[in-house]
Amino acid sequence: MSRLRLGRWLIAIPMSLLALATIYPLLFTANVAMKTRRDYILDRFGLTDALRWENISTAWNSVGMGRYFINSLFVVTVSVFLLLLFGSMAGFALSQLRFRGSSALFLGCLAGLFIPFQVIMVPLARIMADTALIDTYPGLILVYVAQFLPFTVFLMTSYYKGIPPEIVDAARIDGSTVYGVYRRIMLPLGTPALLSVGILNALFCWNDVLMALVMMPSAEHRTLMIGVTSLRGQYSDNIPTFASGVLIAAIPVLLVYLFLQRQIADGVAAGSTKG
Amino acid sequence: MPIGNTQPSVRPASAGRAGGAAPTPAAHRHGAQPRRTRGGLGAERFAPYILVLPAVLIIVLLRLYPLLLGVNFSFTGDGAQNGTAVGFGNYRELFGDPLFRTALSNVGLLVLLLPVAVAIPGLLATFIYLRVPGHRFYRSVYFFPAVLSPVIVGAIFNLLLAFDGPLNAVLGSFGVGPVDWLGDPDIAMFMVVGVHIWATFGMALVVFLAGFATLDAALLDAARVDGASLRQVVWHVIIPSLARTIQFVFVTTMIGMLTSMFGLLFVMTSGGPEGSTYLPEYYIWIQQGQMNRPALASAASTILFVIMLVVGLLQIKLLERSGKED
């Protein structure tokens with residue numbers, strides 16, 4: 001036992017070093033974003049002597065990160081709303097209602113889990129081009145919804161399975177329609193799962209680069225992550241502006257993480273244990 | 001599972017309120033319930049289908065159908081031969097293309113590095129589970145990079161690993177010559193994979209911790225009372241008990257390496273230097289988006305899908321075997 005206890009303290013040393021390695025890159029970037037170009041060339045590691053927001057505002061305005069930010073915010077909001085709506089509707093029906101073909105439909109939704117975007121990228125781009133949805137916001141939103149819907153349906157179905165069927169039965173006997181049960185009972189009861197799945201989906205959509213790259217070729221439609229990739233070529237000699245652009249893209253995620261870390265971890269854990 | 005357990009206790013109450021005059025056996029009532037539900041208004045009868053319709057429609061039209069379309073597409077030609085059947089022509093061309101062969105051998109490298117990518121979060125989760133001092137802090141710090149976009153991670157490491165960047169500056173102060181981390185074909189792929197592992201080990205860590213939550217604590221206590229060392233505890237108690245979780249992490253980590261490194265490759269190396277950091281997903285994107293070879297890209301997609309199927313089937317096989325051992 002004592003051996004194990006001593007070991008615990010010894011293990012804390014590499015674990016702390018690893019923790020430092022985990023957060024240092026972002027702290028370094030934030031620090032660089034506050035420096036002037038001259039400061040950075042003279043001293044890369046020293047703490048900035050002042051909090052300068054000029055680089056951030058340059059990145060936001062002249063580089064266009066502000067517009068990309070709004071684009072991303074719009075696409076992510078609509079996508080997550082649709083994902084939660086369709087996911088909870090299907091999850092409710094597949095878990096609580098008995099109807100012909102329900103298990104086949106559930107398996108069909110699950111099959112979508114095993115098809116990554118890379119595998120269907122070419123035909124999907126063609127379908128989007130044929131329907132004039134390529135390079136439009138509805139097109140990208142539809143691609144995001146299709147990408148993350150199997151996972152959303154799966155998690156909502158597992159969650160709603162835990163709700164006792166007598167609740168639905170009682171409401172039905174009291175004369176409520178199926179839609180009434182969905183709206184007045186299932187949506188409120190599903191809040192914890194909807195929150196968890198919603199945050200995860202928001203992160204997935206916000207962080208995506210490949211789908212946006214394929215579906216949104218024109219510059220004015222760029223999402224924030226595409227904006228970050230374009231920083232490299234344009235600002236490789238102006239590191240503080242480059243770092244500011246990266247920081248703008250990272251800050252929303254950082255805030256979400258600080259306040260909703262538990263929900264994110266719960267969502268990931270639910271995805272693994274329910275399988 | 002909870003449905004099966006709770007139903008019998010509910011039935012009598014609800015059936016009584018529904019006004020069944022004659023007391024029927026429970027088995028009959030079980031069948032009566034859905035019939036009553038279906039017998040309602042026309043709109044009500046179709047309600048379940050209407051509820052699943054949007055999800056099913058989207059998944060079928062934008063996931064399952066494109067998969068078939070893509071496979072079909074991979075047997076047709078590009079450019080002037082657009083739409084005409086070329087048999088296995090695209091596949092022959094793929095295997096003749098050094099870039100695609102590099103992409104496949106890099107997949108081999110990922111398979112070799114897979115145990116490392118699983119062992120690191122596994123060990124860390126073990127320590128956190130064993131309540132190392134500060135375990136809560138470690139847990140939230142380690143998970144953090146997992147929520148950052150690969151693009152952001154890639155951009156940050158572009159900065160850190162630049163030839164005239166901070167890492168080389170530190171090494172230089174120790175007298176170690178500057179290394180071209182992302183510009184040397186022998187090193188670049190290892191750097192990208194390393195950054196990927198750095199960015200994603202927190203995800204696997206959380207999955208491991210969820211697995212640990214199901215672990216029987218009495219087993220661990222017994223091992224400790226018997227004076228087992230940490231290595232013995234890990235080897236004889238934790239690994240056998242977490243077999244399913246470990247397999248799940250193996251598969252999801254492999255799939256993650258195959259399908260979520262695009263952002264890193266795109267930002268850090270763009271497939272270079274000398275095409276040394278190509279992966280199938282990057283190859284697909286280049287052929288489709290840059291080279292205007294959609295049919296060839298579809299063939300590469302089909303091969304990527306087959307690789308993923310093999311990974312998935314291996315897991316099912318492993319699960320079946322461990323099921324028999326139980």
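Author: Helices (H or I, at least four residues) and strands (E, at least two) are DSSP runs, numbered from the N terminus. The model discussed here is predicted, with pLDDT of at least 70 required for local features and 80 or more for side-chain atom pairs, while totals for chains, interfaces and linings use all residues. Residues are numbered from 1 along each chain as its sequence is written, and chains are lettered from A and ligands numbered from 1 in the order of writing.

Reader: What does the secondary structure of chain A come to?

Author: Chain A has 13 helices and zero strands. Its C-alpha trace spans about 75 × 65 × 35 Å along the principal axes.

Reader: And how many helices does chain B have?

Author: Chain B has 16 helices, and it likewise has zero strands.

Reader: What share of the residues of chain A counts as buried?

Author: For chain A the share is 49% of 275 residues. A residue is buried if 20 or more other C-beta atoms, placed from the backbone, lie within 10 Å of its own, exposed if 12 or fewer, and partly exposed in between. In chain B, 38% of the 326 residues are buried.

Reader: What do residues 24 or more positions apart account for in chain A?

Author: In chain A they account for 78% of the contacts with a separation of 6 or more. Two residues are in contact if their C-beta atoms lie within 7 Å. The corresponding figure for chain B is 67%.

Reader: At what angle do the axes of helix α6 of chain A and α4(B) cross?

Author: They cross at roughly 100° and come within 8 Å, where helix α6 of chain A covers residues 117-130. Axes are lines fitted to C-alpha atoms, for helices over the stretch in contact, with angles from 0 to 180 degrees between N-to-C directions. The two helices are therefore roughly perpendicular, a term for angles of 65 to 115 degrees.

Reader: Which residues make that contact between α6(A) and α4(B)?

Author: From α6(A), the residues are V119(A), I120(A), V122(A), P123(A), L124(A) and I127(A). From α4(B), they are L62(B), R63(B), P66(B), L67(B), L69(B), G70(B) and F73(B). By class, this contact has eleven nonpolar residues, one polar and one charged.

Reader: Within chain A, how do α4 and α7(A) cross?

Author: The axes of α4(A), residues 65-96, and α7(A) cross at roughly 35° and come within 7 Å. Their contact contains 20 nonpolar, eight polar and one charged residues.

Reader: What is the phi of A132(A)?

Author: A132(A) has a positive phi near 60°, although it is not a glycine. A132(A) is in the loop between α6 and α7 (137-161) of chain A. Its 10 C-beta neighbours inside 10 Å are why it counts as exposed. D135(A), another residue other than glycine with positive phi, has a value of about 65°. D135(A) lies in the loop between α6 and α7 of chain A, and with 15 C-beta neighbours inside 10 Å it counts as partly exposed.

Reader: Back to chain B. Why is helix α14 of chain B described as largely enclosed?

Author: Eight of the eight residues of α14(B), residues 262-269, are buried, so the rest of the structure largely encloses this helix. They are F262(B), G263(B), L264(B), L265(B), F266(B), V267(B), M268(B) and T269(B). These buried residues pack against α11 (210-215) and α12 (224-235) of chain A, and against α8 (150-161), α10 (188-212) and α15 (280-290) of chain B. Just after α14(B), S270(B) has a positive phi of about 50°.

Reader: Is A125(B) buried or exposed?

Author: A125(B) is buried, with 26 other C-beta atoms within 10 Å. A125(B) belongs to helix α6 of chain B, residues 98-129.

Reader: What does A125(B) touch?

Author: Leaving out residues up to four places away in sequence, A125(B) touches L205(B), F208(B), L209(B) and F212(B). A125(B) and V206(B) are 81 residues apart in sequence, yet 7.8 Å apart in space from C-alpha to C-alpha.

Key:
Parallel < 35°, antiparallel > 145°, perpendicular 65-115°, else oblique. Nonpolar A, V, L, I, M, F, W, Y, C, P; charged D, E, K, R; others polar.
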